[in-house]
Amino acid sequence: MDIRSDIGSCGLSHPPPIRGKETYVARQVYHSHLQRLLRVNDVGFKNRFREVHLWVRPYKNGGRCPHCGHRGRLLCSHRQERVWEDIPWGWVEVFFHYVPREILCRTHGRVQEEIPWARPHSREPYRFEYLVLRYCRIMTQQAAADLLRIPASTLSDLLHRLIVHFRQDHRIRSLRVLGVDEISYEKGHRFATVVYDLARSKVVWIGDGKGRETIDRFFRDGLSSEQRKRVQFASCDMSATYIGAILDHCPHAKLVLDRFHIVKSLNAAVDEVRKEQWRAASAQDRKVLKGLRWLLYRHSSTRTKGQTRILNALRRGNIRIHRAWVLKDEFEHFWDYSSLGRARTFIKRWCTTALRSRLEPLRQFVQTLRKYEEHILTFVETGLTNAVAEGVNRVIRMVKNRASGFSSLAAFSDLIFLTIGDVDILGKFPNTFRVP
Ligand SMILES: [Zn+2]
């Protein structure tokens, strides 16, 4: 190809008016991570030096088959020039131009030669994709798009394509300790089910909905029957849907209802009592109840003396909330037991006291507790920690905050898989393309 005539047709100023700048750009590209992959034939500028266009070719003449890597015979062909958008360089956008050739591979026949700096059919080089993934892990997509100087919609499309590409052939492997949880998106209007590997603290699957058919879909499509048998422990919240599905699908799994989820539903019960009292209270009485919501959630170890005093004062202010709070605080002792017998006695006593309190939300909590008592005691028996479930939840919350309200589950799950998924997506890039 005659490069010079092509530059003319692109509307580039050629020869470039500033020789020094041209040499500088060419040297920078050469010394970047691409030095072993491409050679720069020519440089051109466009748009008042805001765009640098580099006419490149693969190092060592290329001409390799993208499937087997063997060198093939070059065929004479007139194919279209392709353009790749590289990482911007300061304020300057960088583009590569190259006309890929066709080769004849002994095994694969007539194919387009491998492009060493980019995936086939991709408009961005590997290192651009690597940077997209790295930025999206730590910042909002808008910020990443600004840094890479592309529209945010282009970036999220690219991100989705990359996640799909790297996860397409992925199979879940060696899942021994499984956790199931629900997450909300679209401002709490819609729900999805998340399955994680508690032994490795990674998310392995995300499905739309929180019903039985969703979790059934995971067990049917995600795991083979052999894999289902090999699950040793399974942890979830106290919802009958997840518990039923786990017991049905994993015959050898010990079901553990972990601390994180039990505390969550106890807190919800206490909060229900508070709401009831709030609704019933007069404007005068509501003054006492103000600001209680987060105070009631607190663990006794994280309360200040002043806060405990406020809660104790409820004894005179509102006896029902006070009663609920005392029960909640007492339940904290349950997690200290290491002996199964003592833990069982504790639950029995606690349940009796809770029933005597005549608080309806707590009565319901007691019913669930009694129903799944064995699975809760398994937690004491196995000593499984709840730190992982809590950690995964924290990361998911963080991802959610970073993207304030996802329009679709696909966009949300892309980011979850990128941040805490079981496939190390960044690790799939060869060292050459990892931009510092
Ligand atoms: Zn081949």
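A nonpolar core is a set of buried Ala, Val, Leu, Ile, Met, Phe, Trp, Tyr and Cys residues joined through C-beta atoms within 7 Å. The legends below describe close-up views of a predicted model.

**Figure 1. The largest nonpolar core and the surroundings of Val 203.** The largest nonpolar core of this predicted model holds 95 residues. Among these, Val 132, Val 203, Ala 234, Leu 362 and Ile 416 touch the most other members. Leaving aside residues up to four places away in sequence, Val 203 touches Val 194 and Tyr 196, together with Val 392, Ile 416, Phe 417, Ile 420, Gly 421 and Asp 422. For the protein chain as a whole, 31% of the 436 residues count as buried. Its secondary structure comes to 18 helices and 12 strands. Of the contacts between residues at least 6 apart in sequence, 59% join residues at least 24 apart.

**Figure 2. The open sheet of 5 strands.** The strands follow the order E10-E9-E8-E11-E12, and their pairing is mixed. E10 and strand E12 (254–257) stand at the edges with a single partner strand each, so one side of each is left without a neighbour in the sheet. From one strand to the next, the twist averages 25°. Strand E8 (residues 177–185) pairs with E9 in the antiparallel sense over 8 bridges, and Asp 181 stands opposite Val 194 in E9. Helix H18 (residues 409–420) packs on the sheet, where it touches E8, E9 and E10. The direction of H18 makes about 170° with that of E10. Another helix, H16, lies across strand E11 (233–236) and E12, and runs at about 95° to E12.

**Figure 3. The hairpin of E9 and E10.** Strand E9 (residues 190–197) and E10 are paired in the antiparallel sense, with 6 bridges. Thr 193 has Gly 207, in E10, as its bridge partner. Between the two strands of the hairpin there are 4 residues, and Ser 201 takes a positive phi near 45°. Strand E10 (residues 202–208) is mostly covered, with 5 of its 7 residues buried.

**Figure 4. The open sheet of 3 strands.** Antiparallel pairing joins the strands in the order E3-E6-E7. Strand E3 (73–75) and strand E7 (109–112) are the edge strands; each has a single partner strand, so one side of each lacks a neighbour in the sheet. The twist averages 40° from one strand to the next. Strand E6 (residues 102–105) pairs with E7 over 4 antiparallel bridges. At one of the paired positions, Glu 102 has Gln 112 of E7 as its bridge partner. Strands of a sheet pair through backbone hydrogen bonds, either parallel or antiparallel.

**Figure 5. Helix H14 and its buried face.** At 1.5 Å a residue, the 17 residues of helix H14 (residues 340–356) should span 24 Å, and the 25 Å between its end C-alpha atoms agrees with this. Ala 343, Ile 347 and Ala 354 are the buried residues of H14. Seen down the helix axis, the buried residues fall within an arc of 40°, so they line one face of H14. An α-helix has 3.6 residues a turn, so residues three or four places apart point the same way. On the other side of H14, the exposed residues are Gly 341, Thr 345, Lys 348, Arg 349, Thr 352 and Arg 356. The buried residues of H14 pack against helix H13 (319–331), helix H15 (360–371) and helix H16 (373–382). After H14 comes Arg 358, whose phi is positive, near 55°.

**Figure 6. Helix H13 and its packing partners.** The 13 residues of H13 should span 18 Å at 1.5 Å a residue; the end C-alpha atoms are 18 Å apart, in agreement. Buried residues in H13 are Ile 321, Arg 323, Ala 324, Trp 325, Leu 327 and Lys 328. These buried residues pack against helix H9 (259–280), helix H11 (292–297), helix H12 (305–317), H14 and H15.

**Figure 7. The surroundings of Gly 222.** Gly 222 lies in helix H6 (residues 212–222). Gly 222 counts as partly exposed because it has 16 C-beta neighbours inside 10 Å, whereas a buried residue has 20 or more and an exposed one 12 or fewer. Gly 222 touches Ile 172 and Trp 205, residues up to four places away in sequence not being counted. Arg 171 is 51 residues from Gly 222 in sequence, and the two C-alpha atoms are 7.4 Å apart in space.

Methods
Residues numbered from 1 in each chain as written. Predicted model: local features only at pLDDT ≥ 70, side-chain atom pairs only at ≥ 80, totals over all residues. Contact = placed C-beta atoms within 7 Å. Pairing = 2+ DSSP bridges. Axes fitted to C-alpha atoms, helices over the stretch in contact; angles between N-to-C directions. Expected span 1.5 Å × (residues − 1). Arc of directions from axis to C-beta.
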